[in-house]
Amino acid sequence: NQTGSNPTAITDDADLEGDTVRYYQFPTWSPDSKSLTYFSISGSSEADLTAAIFVVDDDGKNKVEAHTLEGGSRPIYLSWSPDSANISFISTIPGGDGLTLNMVPAAGGEVTLLDTGAPYYWDWRPDSAGMLIHAGGARSTDPTARLSFLNLTDGVVEDGLLLKPSPFQSPAFSPDGAQILLAAENDEGNHALLLTDPLGGIETEIATIDTSVAFSWSPDGKRVAYINSTDPVYIVGKLSFVELSDPATTVEADQEDIIAFYWSPDSKKAAYFVPVQTDDGSGGTLLYLKMYAADVTTGKSTLLWTFVPTQEFIQTILYFDQYSRSATIWSPDSQNLVIPMFFPDENAAAIILVPATGNLQPRFLQEGTMAFLSWK
């Protein structure tokens, strides 16, 4: 819990030192917060590794091995359907450079291959009847890049959008499913962040894109936030908030070079991260992250914490828009955040609880390299 007490061990057989290794990654809470999914990697050599996806109750009971991946395929991202009934995941193709999108019932059972592509991003429809996918990157650099609806009510039916995707990663349904955020070429052929109807028809152009863009809806659906990136490789730039009742008015957070953000559950704040590199004392560099909380109506920000992130956290930061569709670092009451922090001098990592007010000291919860809070 948020005090760090009453821990429940879900697994107890991880081993990184023996002849046969086993480790676990990416714990992901179901939307109803009653279950957890995660995956394991195990084997005696790189060529002999096996992956499995598990589901377990929030009290650690009723563990189910929902799916075992054969032939060296590995899952790299998990996402629950909004009704908490199914788990979608992308996995590698052994011997190839593509990815497959798959779905398996949370109770275990037959796995459905939904699609292939690389890179690959998606967002579930709020009614769990399908998803919007973005595969292949930007049309300007990849002629096969596409935006499509995958309808899952009667098998798998793909309906492609005519829009040409711009440089971005994950599309996003509004919380009520009535609108979509995505990035595509506008009528003039320029890259733009677009608000569309649920069938992909353009309603509003939110912003023109500089190089690439990452975005997310507020949980109440009244605002969107986006980083208009100026870097050709990574997302980094100004963070803007748009109230959809007046999309011509934009509020910017008061810090520069922002690389990721997460909305608070009450939609009043957004936590965001600014990287700082310093000398590590031995001729190398050390990456710190400054974490701020911004008031989304004014852009005024409060510095909450400065820390060295774990490698696992950096991975989620690089793809934060996709990760924010399936996981959160905010507590359900919008009062705290969990951050995995690395201690270089001790070669150790810990999960830290950071109060969102900036008035109280962060505190240690548990040892660990990655953490997410439950939705409820």
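**Close-ups of a predicted chain**

**View 1. The whole chain and its contacts.** Of the contacts in the protein chain (heavy atoms within 4.5 Å) between residues at least 6 apart in sequence, 41% link residues at least 24 apart. This is a predicted model, where local features need pLDDT of at least 70, side-chain atom pairs count only at pLDDT 80 or more, and totals for chains, interfaces and linings use all residues. Numbering starts from 1 along each chain as its sequence is written, and side-chain values use heavy atoms, leaving out hydrogens and water.

View 2. Strands are DSSP runs of at least two residues, numbered from the N terminus, and two of them pair if DSSP finds at least two bridges between them.

**View 3. Zooming in on E14 and E15.** Strand E14 (residues 180–185) and strand E15 (residues 191–196) run antiparallel, joined by six bridges. Look for Leu182, which stands opposite Leu194 in E15.

**View 4. A nonpolar surface patch.** Val233, Tyr234, Leu318 and Tyr319 make a nonpolar patch of about 390 Å². Patch residues have over 30% relative accessible area and no salt bridge, with nonpolar side chains joined within 5 Å and like charges within 9 Å; areas are Shrake-Rupley with a 1.4 Å probe, and a salt bridge puts a side-chain nitrogen of Lys or Arg within 4 Å of a carboxyl oxygen of Asp or Glu. Tyr234 belongs to the loop between strand E18 (223–229) and strand E19 (237–243).

Notes:
Helix = DSSP H or I, 4+ residues; strand = E, 2+ residues; numbered from the N terminus.
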